[in-house]
Amino acid sequence: MGLADENGDPKKIVFVTVGTTLFDALVIGVDTPQIKKELYAKGYTHLLIQIGRGSYIPSREVKLLILTGRGKLSENSNGEDGSLAVDYFTFSSSIADSLRSASLVISHAGSGSIFETLRLGKPLIVVVNEDLMDNHQAELAEELADRKHLLCARPQTLHRTLVDMNLESLIPYPPGDAKPVAKLINRFLGFPEE
Amino acid sequence: MEKDEQCLLYLPRSSSFLLFLAGAFTLIAIRILYVVNRSGKPLRPVNRKPVSTLIVLGSGGHTAEMLNLLSVLQKDIFLPRYYVAAATDNMSLQKARMFENSSSDETVVEAAKFMQIYRSREVGQSYMTSVGTTLIAIAHAFWLISKMRPQVILCNGPGTCIPLCGIAFLFKVVGFRWSSIFYVESIARVKRLSLSGLLLYKLRIADQLYVQWPQLQQKYPRALYVGCLM
């Protein structure tokens with residue numbers, strides 16, 4: 001399911017999401033030259049950040065394109081390295097489309113974002129927000145990382161995680177099933193178990 | 001002489017009052033023990049009629065998880081369905097309405113009702129003012145439960161379920177309505193129960209408490225491990 005840019009070159013989008021929360025540490029962390037360089041080196045072309053209630057605004061970066069003699073659009077090639085295109089938005093009613101078009105998802109540790117991403121089979125790096133009180137979210141992220149369904153990081157370790165990441169080693173998350181609970185509830189109430 | 005007589009007159013009255021109090025407490029204690037013992041045991045006799053169901057929704061992942069559970073429950077058994085969300089939660093009732101509307105069966109959809117309840121405490125609210133708001137929440141829960149008298153209560157974690165389950169338990173003790181209370185701990189709880197889950201578990205208010213990770217089942221032996229729902 002490859003996306004393409006103006007040339008028909010494949011687009012590889014990194015989608016960063018903080019859900020309905022405020023998680024400036026993640027947005028700031030991702031909007032650093034260090035991280036953007038690493039993502040570009042790994043072959044990603046676009047960075048899309050959903051900033052939620054955050055107060056830090058990343059700077060949009062559009063790829064510079066020049067028209068070559070053969071009528072083809074190509075990146076500015078005056079000796080500068082090519083770079084990641086960066087865009088952001090605050091909220092959307094559903095991030096499903098952004099998730100679907102992403103090649104890599106970097107998300108806060110909310111269970112909704114996590115399972116929505118895993119169900120779409122996208123490679124996922126979960127970044128735990130250390131500023132939260134009583135951080136039970138970290139438990140879920142760490143458990144799923146132990147089971148190799150995603151990679152888990154903190155804002156300070158995100159760069160290291162990106163450098164070392166081997167997305168091939170991730171195991172697809174098997175879909176959950178609510179039927180065992182339904183059975184128990186029905187049985188308890190004396191209904192047929194189906 | 002008079003004084004002694006007066007003293008003799010007062011003594012029996014206060015002691016009979018104390019006796020009455022002691023008797024009342026004993027009866028209540030016995031009834032509570034009976035209710036706690038009977039909770040957690042499957043209903044008898046075998047049920048064929050629909051059961052009125054109270055569904056507690058909550059912000060964050062709670063509503064999504066609850067709707068996921070409801071999608072595998074038979075809509076013609078659990079009706080009428082009363083959805084309750086906190087007054088400050090804007091999205092949950094909307095999502096519940098959409099869920100109900102997506103059902104193809106018209107008659108079954110009409111059985112759904114949507115209500116809001118005052119929250120005991122908002123995130124970040126001072127504990128001083130929380131006392132007042134909690135009392136309001138309890139009173140509101142009393143009002144809602146009295147109206148609905150649900151036979152089944154489904155909840156999965158938000159603090160709004162505590163006053164509702166507490167009042168439902170009270171009604172069980174007093175004999176107004178026997179509600180079967182089912183609590184499904186959130187999938188985000190791997191090693192520790194949430195505060196709501198812990199309260200319902202320790203006080204034995206939930207008839208059945210389900211957990212989605214094996215670590216919790218080991219830690220809380222009376223919980224039932226059901227695997228991941230999402």
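# Close-up views of a predicted two-chain model

**View 1. Helix H2 of chain B and its buried residues.** Helix H2 (residues 61–70) of chain B has seven of its ten residues buried, so the rest of the structure largely encloses this helix. The model shown here and in the other views is predicted. The buried positions in H2(B) are B:His62, B:Thr63, B:Glu65, B:Met66, B:Leu67, B:Leu69 and B:Leu70.

View 2. Buried residues in H4(A) are A:Ser111, A:Ser113, A:Ile114, A:Phe115, A:Thr117 and A:Leu118. Just after H4(A) comes A:Gly121, with a positive phi of about 70°.

View 3. Six of the seven residues of strand E8 (residues 102–108) of chain A are buried, which leaves the strand mostly covered. Strand E3 (residues 13–17) of chain A pairs with E8(A) in the parallel sense, over five bridges. Within this pairing, A:Ile13 has A:Ala102 of E8(A) as its bridge partner. E8(A) also runs parallel to strand E9 (residues 124–127) of chain A, and four bridges join the two. Here A:Ser107 stands opposite A:Val126 in E9(A). Together with helix H4 (residues 111–119) of chain A, E8(A) and E9(A) make a right-handed β-α-β unit. In a regular strand, side chains alternate between the two faces of the sheet.

View 4. A:Lys36 is part of helix H2 (residues 33–41) of chain A. Is this lysine buried or exposed? A:Lys36 counts as buried, because its relative accessibility of 13% is under the 20% limit. Its side chain makes a polar contact of 3.0 Å with the side chain of A:Glu61. Leaving out residues up to four places away in sequence, A:Lys36 touches A:Val30, A:Asp31, A:Leu47, A:Glu61, A:Leu84 and A:Val86.

**View 5. Charged groups over tyrosine rings in chain A.** The charged end of A:Lys12 sits over the ring of A:Tyr44, at 4.8 Å from the ring centre. In a second example, A:Arg60 lies over the face of A:Tyr88, and the distance to the ring centre is 4.3 Å.

**View 6. An aromatic pair across the two chains.** Over all chains, the count of aromatic pairs comes to eight. A:Phe188 and B:Phe182 form an edge-to-face pair, because their planes stand at 85°, with the ring centres 5.4 Å apart. This pair joins two chains, because A:Phe188 lies in helix H7 (residues 179–189) of chain A and B:Phe182 in strand E5 (residues 180–184) of chain B. A:Phe188 is buried, with a relative accessible area of 3%. B:Phe182 is buried too, at 0%.

View 7. B:Phe142 and B:Phe171 form an edge-to-face aromatic pair, with 5.4 Å from centre to centre and 85° between the planes. The pair links distant parts of the chain: B:Phe142 belongs to helix H5 (residues 127–148) of chain B and B:Phe171 to helix H6 (residues 161–174) of chain B, 29 residues apart. B:Phe142 is partly exposed, with a relative accessible area of 39%, whereas B:Phe171 is buried at 5%. Ring pairs link B:Phe142, B:Phe171 and B:Phe176 into a cluster.

**View 8. Backbone features in loops of chain B.** The peptide bond between B:Leu79 and B:Pro80 is cis, with omega of about 0°. B:Pro80 lies in the loop between H2 and strand E2 (81–86) of chain B. B:Arg149 is not a glycine, yet has a positive phi of about 40°. B:Arg149 is in the loop between H5 and strand E4 (152–155) of chain B and is partly exposed, with a relative accessible area of 35%. B:Arg204, also not a glycine, has a positive phi of about 55°. The loop that holds B:Arg204 runs between helix H7 (195–202) and strand E6 (208–211) of chain B. At 41% relative accessibility, B:Arg204 counts as partly exposed.

Terms used: Residues are numbered from 1 along each chain as its sequence is written. Chains are lettered from A and ligands numbered from 1 in the order in which they are written. This is a predicted model: local features need pLDDT of at least 70, side-chain atom pairs count only at pLDDT 80 or more; totals for chains, interfaces and linings use all residues. Side-chain values use heavy atoms; hydrogens and water are left out. Rings of Phe, Tyr and Trp (its six-membered ring) pair if their centres lie within 6.5 Å; planes under 30 degrees apart count as stacked, over 60 as edge-to-face and the rest as tilted. Buried means under 20% relative accessible area, exposed over 50%, partly exposed in between (1.4 Å probe, protein chains only). A charge sits over a ring if NZ of Lys or CZ of Arg is within 6 Å of the ring centre and within 35 degrees of the ring normal. Two strands pair if DSSP finds at least two bridges between them. A crossover is right-handed if, with the strands pointing away from the viewer, the path from the first strand over the helix to the second runs clockwise. A polar contact is a pair of N or O atoms within 3.5 Å; within protein, one must be able to donate a hydrogen and the other to accept it, and residues adjacent in sequence count only if both atoms are side-chain atoms. Contact means heavy atoms within 4.5 Å.
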